[in-house]
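User: Can you walk me through this model? I'd like to start with the core and then jump around a bit.

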Amino acid sequence: MFDIESIKFDKNGLVPAIAVNAYTNEVLMQAFMNKTSLKLTIDTGEAYYFSRSRNKLWHKGETSGHIQKVVSISSDCDNDSILLRVIQIGAACHTGNYTCFFNNKQDFCDVPNFNVLQREINIIKERKSNPTDGAYTNYLLNSGKEKICKKVGEEAAECVIAAMKGDNRELACEISDLLYHIMVLMECENLSMSDILKVMKQRQDNVRKKNY
């Protein structure tokens with residue numbers, strides 16, 4: 001149970017709050033909370049902040065519809081900072097960017113992360129909601145489950161062939177194709193990544209209980 005009384009608010013009654021994508025841990029935004037907004041967040045399951053510029057409570061997405069559904073809330077070791085794991089509806093940033101952390105950026109090395117998979121899922125969902133003429137994703141979705149399943153089988157076979165050839169570059173490409181077609185199948189069947197992750201987590205928990 002989250003203990004609000006343990007939080008160390010500053011002299012203005014505020015504490016910094018960082019929101020991250022619950023699925024990918026991508027940092028979305030940083031804002032501030034006071035005791036009231038923190039309590040509202042806990043009570044409603046949606047993120048509330050305190051706007052310093054407007055000097056008022058702020059329900060994230062109250063005008064844009066881009067709300068944050070809170071999955072979990074925690075504080076740091078000093079209890080002077082809040083971390084929210086959220087399901088972000090739409091964009092987190094008022095500029096229309098998905099995350100507020102896009103400005104003045106420098107990459108020191110190219111290390112793609114699981115955000116790439118989430119973006120692919122979002123693109124597939126967008127194609128389903130707003131079909132695009134000539135889009136391969138719409139072709140698959142319009143063709144139906146049988147066609148999509150056939151493509152999943154073909155891509156799986158091509159993964160095996162690439163692996164047997166010992167060509168890791170080709171294997172990476174074929175696995176990418178397989179993952180894409182699996183995600184299209186998931187969308188076709190209204191299966192979310194969360195559904196998959198729940199099964200995997202349950203299996204991992206069972207493994208830990210059995211100590212092997």
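User: So which residues have the most contacts inside the largest nonpolar core?
Analyst: Met 33, Tyr 49, Ile 82 and Leu 84 have the most contacts inside that core, which has 17 residues. A nonpolar core here is a set of buried Ala, Val, Leu, Ile, Met, Phe, Trp, Tyr and Cys residues joined through side-chain atoms within 4.5 Å. Buried is under 20% relative accessible area, exposed is over 50%, and partly exposed is in between, with a 1.4 Å probe and protein chains only.

User: Which elements give two or more residues to this core?
Analyst: Those are β1 (15-21), β2 (27-33) and β6 (82-88). β2 gives the most, with 4 residues. Helices (H or I, at least four residues) and strands (E, at least two) are DSSP runs, numbered from the N terminus.

User: And what lies apart from it?
Analyst: Another core, of 15 residues, including Ile 121, Leu 140, Tyr 180 and Leu 185.

User: Before I go on, what kind of model is this?
Analyst: This is a predicted model: local features need pLDDT of at least 70, side-chain atom pairs count only at pLDDT 80 or more, and totals for chains, interfaces and linings use all residues. Residues are numbered from 1 along each chain as its sequence is written, and side-chain values use heavy atoms, with hydrogens and water left out.

User: OK, back to the strands. How do β1 and β2 pair, parallel or antiparallel?
Analyst: Antiparallel, over 6 bridges. Two strands count as paired if DSSP finds at least two bridges between them. The β1 and β2 hairpin has 5 residues between the strands, and Asn 25 takes a positive phi near 65° there.

User: How many bridges join β1 to β6?
Analyst: There are 5, and those two strands run parallel. Ala 17 has a bridge partner on each of these strands: Ala 31 in β2 and Ile 82 in β6. As for cover, 5 of the 7 residues of β1 are buried.

User: What about β3, which residues are on which side?
Analyst: In β3 (residues 48-51), Tyr 48 and Phe 50 are on one side, Tyr 49 and Ser 51 are on the other, and all are buried. β3 is joined to β4 (residues 56-59) by 4 bridges, running antiparallel. Ser 51 is the bridge partner of Lys 56 in β4. That hairpin has 4 residues between its strands, and Asn 55 in the turn has a positive phi of about 55°.

User: Switching to helices: how far does α4 reach?
Analyst: α4 (residues 145-165) has 21 residues and reaches 30 Å from its first C-alpha to its last, close to the 30 Å expected at 1.5 Å a residue. The expected span is 1.5 Å times one less than the number of residues.

User: Which residues of α4 are buried?
Analyst: Ile 148, Lys 151, Val 152, Glu 155, Cys 159 and Ala 162. They sit on the same side of α4, because they cover an arc of only 105° around the axis. The arc is that of the directions from the helix axis to the C-beta atoms.

User: What covers them, and what's on the face turned away?
Analyst: The cover includes α3 (136-143) and α5 (168-188); contact means heavy atoms within 4.5 Å. The face turned away carries the exposed residues Glu 146, Lys 150, Met 164 and Lys 165. After α4 comes Gly 166, with a positive phi near 75°.

User: Last one: how many helices and strands does the chain have?
Analyst: It has 6 helices and 6 strands. The radius of gyration is 21 Å, well over the 17 Å the globule rule gives for 212 residues, so the chain is more spread out than a compact globule. That radius is taken over C-alpha atoms, and the rule is 2.2 Å times the number of residues to the power 0.38. The C-alpha trace spans about 65 × 50 × 35 Å along its principal axes.
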